[in-house]
Amino acid sequence: MKKSNSKIPLDKLSPRRLMCLDACTRCGECQNWCPVYSLTENEKVTPRAKIKNFKSILKAQNGFLGLFKSDISQDTLSDFLTGLYECSCCNQCHFVCPSRIDTVELWEDVREAMFRSGLGPIPEQRTFCENLVKFGNPYKKEQSARTDWIEAGLQDGTLLSRPELITENKASVLLFIGCTATFDEKVSRIAKHTVNILNEAGVKFGILGTAENCCYGKLRRMGDPTFKQLAQQNIEKLNSLGFDTLVSACAGCFKTLNADYPKVGEQKYKIYHLSEYLDILIRQGQIKLKEPIPGKVTYHDPCLLGRHNNIYDAPRRVVEAIPGMEFVEMEKTRQFSRCCGVGGGLKIANHDLQEAASVRRIRDAEETGAEYLTTPCPTCFSGLSGGASIAESKLKVIHMAELVARAMGIATASKD
């Protein structure tokens, strides 16, 4: 049996994180709810198995009272790494855990320890992190390409006017586009619809354009310690611009900016997710929804918006405000919503498994009898769109921004 001599640094794991390992009662409730386990029935991915294997690794590494140390079993290490990285960090296990273990923070801190030890992440994820740091985005594009969606939108008419740069108009609101809606041509419509909506609503806002950096949340998800330095640089840059409100069009960026950045440094602005901001504008009367959209619609809770940040009601109010639509819920919603599988690095670790998770969520939506499935997250939108295609589903996956734009009369299905 092969052994590993690599030592896992524990100095970045707080006493509270280490105590979580002993808080696990091995009841198996996490296994009953884990979306990845439901697809693979591989117990390695369940929190109780990960905790058991990690404790075995620590016991071999540290021994008893510093004595009787041994090399780490390669089989145990392999099982642990499979479970650790074939996980979407959806946070479902936290909500069903009787001990309320903060599982996502535990996994991300452990991933950082594994990264620093050289034992993790898997090669594909390490390459992804290296490219993200090198290019400043996960698509390996140059910064100059960050405004290509603007030129394309103005040319084909999907973008009604050029958004101003916040460095030039000194607006109080910054629209933080995010890498997915910037570089993914299949998703860039979200950025265009959002700009059109805010302009029509009379919001004075600006964007960063080529000066927008990645939020680098993926580094935190996969444990790359470079995250803290890059996050601090972003915080200092954003603070220097003098705006009051940041609106994030991406659930992943929102999670990073709203939940991870405060642990790195102080931010001098209020942060909203787009769905929250749309809800405010609708209730204030700045957004007028006048064009009915007939049909039945269901809503997918993004993990990073819902379970990670407790935002459930605002996006539902937006959907319910769309005239002509009948809103129906899936069986698994809110804190018990099934993950689409795109988050936490799972797509990079096991693309087939991610696609299977998206297809499973599409089937959930189909069971409601809905014609439309909407979500306010670009990455969920991308994953679910792919799932609908694989499943050959008749369900129309539509981002919330497009629903609002259509109901405002400033977008048509034919344009996209």
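## Two parallel sheets

Two strands count as a pair if DSSP finds at least two bridges between them. With that in hand, let's look at this predicted model, starting with strand β3 (residues 173-176) and strand β5 (residues 245-248): they run parallel and are joined by 4 bridges. Within this pairing, Phe176 has Ser248 of β5 as its bridge partner. Both strands belong to an open sheet of 4 strands, ordered β4-β3-β5-β6 and paired in parallel. At the edges stand β4 (205-206) and β6 (270-273); each has a single partner strand, so one side of each is left without a neighbour in the sheet. Helix α16 (residues 274-284) packs on this sheet, where it touches β3, β5 and β6, and its direction makes about 90° with that of β6.

## A pair of crossing helices

Two packed helices are described by the angle between their axes and the distance between the axes. For helix α9 (residues 148-156) and helix α12 (residues 189-200), the angle is about 70° and the axes are 10 Å apart. Angles of 65 to 115 degrees count as roughly perpendicular, and α9 and α12 are therefore roughly perpendicular to each other.

Which residues make this contact? On the α9 side they are Trp149, Gly153 and Asp156, and they meet Ala191, Lys192 and Val195 in α12. By class, the residues of the contact of α9 with α12 come to 3 nonpolar, 1 polar and 2 charged.

## The largest pocket

Rolling a probe the size of a water molecule over the atoms shows where empty space is left. In this model, the largest pocket has a volume of about 1,100 Å³. It is lined by 48 residues, of which Tyr139, Thr180, Val342, Lys347 and Thr379 are the closest to its centre. Several helices give two or more residues to this lining, among them α8 (123-135), α11 (179-183), α15 (251-260) and α19 (351-366).

The largest share of that lining, 9 residues, is supplied by α20. Sorted by class, the lining of the largest pocket holds 24 nonpolar, 17 polar and 7 charged residues.

## The second largest pocket

The second largest pocket has a volume of about 250 Å³. Among the 11 residues that line the second largest pocket, Asp109, Glu112, Arg220, Lys228 and Lys263 are the closest to its centre. Two or more lining residues come from each of α7 (103-117) and α14 (226-239), and the largest share, 3 residues, is from α7.

How many of the residues in the lining of the second largest pocket are nonpolar, polar and charged? The lining divides into 2 nonpolar, no polar and 9 charged residues.

Terms used:
Residues numbered from 1 in each chain as written. Predicted model: local features only at pLDDT ≥ 70, side-chain atom pairs only at ≥ 80, totals over all residues. Heavy atoms only, no water. 1 Å grid on protein atoms, 1.4 Å probe; cavity = no way out; pocket = protein on both sides within 12 Å on 5 of 7 lines; lining within 4 Å. Points joined across faces, edges and corners; volume = space filled by probe spheres on them. Nonpolar A, V, L, I, M, F, W, Y, C, P; charged D, E, K, R; others polar. Axes fitted to C-alpha atoms, helices over the stretch in contact; angles between N-to-C directions. Parallel < 35°, antiparallel > 145°, perpendicular 65-115°, else oblique. Contact = heavy atoms within 4.5 Å.
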